[in-house]
Amino acid sequence: MPRLMDMGLEKLRNMVLDMAELSQNTVSTSIDAYVQGRDLRDRIYSWSEELRMLQDEVSELAVELIARYQPVASDLRFIKSCMEVAYGFSRFGRYAHDISDVIGIFGDLSSCDRQSVKEAGSQAKDMIRLSIKAFTERDVELAGRLKKMDDVVDNIYLDFVKKSAHEREGNLKCVVSGTLILRYLERIADHATYVGETVPYIVSGERSARK
Amino acid sequence: MTLHLQTEEKQPLSREEILHPHRTLENSKVRTEDFDAWYGNNQVLKKLNIEVREHSVTAIIGPSGCGKSTLIRCLNRMHELVSRARTSGRVMLDGSDIYAKGVDPVTIRRRVGMVFQKPNPFPTMSVYDNVAAGLRLNGERNHSVLDRAVQQSLELAFLWDEVKGDLDKSGASLSGGQQQRLCIARALAVEPEVILMDEPCSALDPIATAKIEELIASIKGNYTVVIVTHNMQQAARVSDFTAFLYLGQLIEYGETTSLFENPVEELTERYLTGKFG
């Protein structure tokens with residue numbers, strides 16, 4: 001027999017999955033727009049706002065479920081994780097918006113070497129896809145892969161910054177825009193890792209120490 | 001940025017440590033050792049090993065018939081008052097077996113008080129006499145000592161302000177919540193070390209329940225409280241440790257926060273989340 005709370009938990013899950021899809025599209029579109037030199041700020045801004053509103057709705061439903069049903073054990077862990085994951089998805093939207101803003105601020109960046117951004121962007125997109133899959137399927141093993149992938153993005157960002165710091169000759173516009181975008185991608189990768197960290201917590205209550 | 005900081009790897013807890021964290025506790029006040037209890041041929045507690053920490057609140061939860069009430073009735077030797085009831089194993093109070101030969105059960109019940117599900121003030125006695133009854137039974141006759149003890153106990157039970165002008169009124173004339181606090185004051189008056197509470201709020205409204213819960217929180221610094229409750233939210237609110245019993249066996253025991261957020265046993269998880277049976 002379904003419990004009264006089950007309907008609310010299902011609704012919460014669906015809202016988070018809606019956010020997952022939208023946040024994945026938002027980040028993907030912003031990275032592709034940068035690579036293609038297209039200014040899609042308005043569209044990405046509206047999606048990121050939608051994600052922010054959806055995050056509020058997730059929080060409200062989560063609080064309502066806690067207030068009405070006093071969930072415990074795996075129910076409580078799932079609700080708590082949905083709030084964390086929804087925050088992560090909302091941050092994806094915010095960073096995607098920041099990436100799209102770079103084009104607005106710096107204009108044409110077609111002369112810049114965009115290889116690092118392409119690599120980090122591709123890795124970040126994979127991480128988002130993987131984190132959503134791990135969360136949806138409660139796949140602890142899959143979620144465990146995210147930390148190593150995060151290291152890859154961190155290293156691309158650090159290498160770019162170090163290289164830029166030692167370069168005397170260089171296009172300032174390319175250096176600053178590249179640094180900003182890689183920084184946003186590095187944060188997106190962090191949040192994808194955090195989404196993954198909720199999986200073992202939901203499944204068994206295991207909390208991994210955050211670096 | 002998550003790049004350079006090293007984190008110290010903690011040694012994971014063993015399954016035994018997770019399931020029985022109480023074994024690592026210091027200051028245990030009450031401890032059962034391979035304890036069994038029967039009503040006639042019906043065994044209601046099976047090889048129970050549980051440790052109650054001093055100056056803490058321990059909640060006993062579990063479905064009806066799991067042995068919760070029997071367990072606490074064994075902790076002050078009230079179980080044996082039922083005909084054909086018997087026990088085996090030991091219950092250690094401050095390291096001494098309360099079931100050892102020659103131990104006077106009345107002395108044990110003085111040290112380990114009990115508050116019942118239904119408020120049961122002595123109906124023919126006044127509020128004052130209800131609280132003073134235990135002390136008088138112990139031979140106390142000094143009026144000023146009795147006055148002081150009655151006031152102190154009623155204050156501890158958060159009842160003094162409500163009844164100080166009506167100490168001569170019958171205890172039975174109080175509201176249900178007040179009667180239950182009167183019973184707690186009566187139990188506190190003889191200065192027990194442990195207070196057992198068997199569903200103390202099940203007959204009370206939410207306001208009266210909240211007062212009892214606040215009372216429990218306020219006395220635990222000086223007493224050891226064991227509470228049986230069907231209300232899991234109440235267990236989560238008031239207790240420091242929670243034990244989950246099922247069919248007379250201890251399934252899981254641990255810190256309340258941890259047990260309610262992350263139970264180790266599947267059976268506990270199912271019971272807590274209402275996916276039971």
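**Figure 1. Overall dimensions of chain B in the predicted model.** The radius of gyration is taken over C-alpha atoms, and the globule rule is 2.2 Å times the number of residues to the power 0.38. For the 277 residues of chain B, a compact globule would have a radius of gyration near 19 Å; the chain has 20 Å, which agrees. The structure shown here and in the following views is a predicted model. Along its principal axes, the C-alpha trace of chain B spans about 70 × 55 × 35 Å. Chain B contains eleven helices and ten strands, and 51% of its 277 residues count as buried.

**Figure 2. Chain A, a chain of seven helices and zero strands.** Read from the N terminus, the elements of chain A follow the order α-α-α-α-α-α-α. The C-alpha trace of chain A spans about 70 × 35 × 20 Å along its principal axes. A compact globule of 211 residues would have a radius of gyration near 17 Å; the value for chain A is 19 Å, which agrees. Of the 211 residues in chain A, 50% count as buried.

**Figure 3. The open antiparallel sheet of chain B.** Four strands of chain B form this open sheet in the order 2-1-4-5, and their pairing is antiparallel. Strand 2 (42-53) and strand 5 (96-97) of chain B stand at the edges; each has a single partner strand, so one side of each is left without a neighbour in the sheet. Strand 1 (residues 28-39) and strand 4 (residues 85-93) of chain B run antiparallel and are joined by eight bridges. In this pairing, B:Trp38 has B:Arg86 of strand 4 as its bridge partner.

**Figure 4. The hairpin of strand 1 and strand 2 in chain B.** Eight bridges also link strand 1 of chain B to strand 2 of chain B, in the antiparallel sense. Within this pair, B:Ala37 stands opposite B:Leu45 of strand 2. The hairpin has two residues between the strands, and B:Gly40 takes a positive phi near 60 degrees.

**Figure 5. Strand 6 and its parallel neighbour in chain B.** Strand 6 (residues 112-115) of chain B runs parallel to strand 7 of chain B, and four bridges join the two. The bridge partner of B:Val112 is B:Val194 in strand 7, while that of B:Gly113 is B:Ile195. In a regular strand the side chains alternate between the two faces of the sheet. In strand 6 of chain B, B:Val112 and B:Met114 point one way, B:Gly113 and B:Val115 point the other way, and all are buried.

Figure 6. Strand 7 (residues 194-198) of chain B is mostly covered, with five of its five residues buried. B:Val194, B:Leu196 and B:Asp198 point one way from this strand, and B:Ile195 and B:Met197 the other way. Strand 7 of chain B is joined by five bridges to strand 8 (residues 224-228) of chain B, and the two run parallel. B:Asp198 stands opposite B:Val228 in strand 8 of chain B. From strand 7, the chain passes through helix 8 (residues 206-219) of chain B to strand 8 of chain B in a right-handed β-α-β crossover.

**Figure 7. The second largest pocket, lined in part by elements of chain B.** This pocket holds about 600 Å³ of space. It is lined by 21 residues, of which B:Arg109, B:Met114, B:Gly134, B:Arg186 and B:Val190 are the closest to its centre. Helix 3 (105-111), strand 6, helix 4 (127-137) and helix 7 (176-189) of chain B are the elements that give two or more residues to the lining. By class, the lining comprises twelve nonpolar, six polar and three charged residues. B:Met114 also belongs to the view of strand 6, where B:Met114 points the same way as B:Val112 and is buried.

**Figure 8. The cavity lined by residues of chain A.** The structure holds one cavity of 30 Å³ or more. About 40 Å³ of space lies in the largest cavity. Its lining is made up of A:Arg13, A:Phe78, A:Phe135, A:Thr136 and A:Arg138. These lining residues divide into two nonpolar, one polar and two charged.

Note on methods:
Residues numbered from 1 in each chain as written. Chains lettered and ligands numbered in written order. Predicted model: local features only at pLDDT ≥ 70, side-chain atom pairs only at ≥ 80, totals over all residues. Heavy atoms only, no water. 1 Å grid on protein atoms, 1.4 Å probe; cavity = no way out; pocket = protein on both sides within 12 Å on 5 of 7 lines; lining within 4 Å. Points joined across faces, edges and corners; volume = space filled by probe spheres on them. Nonpolar A, V, L, I, M, F, W, Y, C, P; charged D, E, K, R; others polar. Buried < 20%, exposed > 50% of the residue type's maximum accessible area, 1.4 Å probe, protein only. Pairing = 2+ DSSP bridges. Right-handed = clockwise from strand over helix to strand, strands pointing away.
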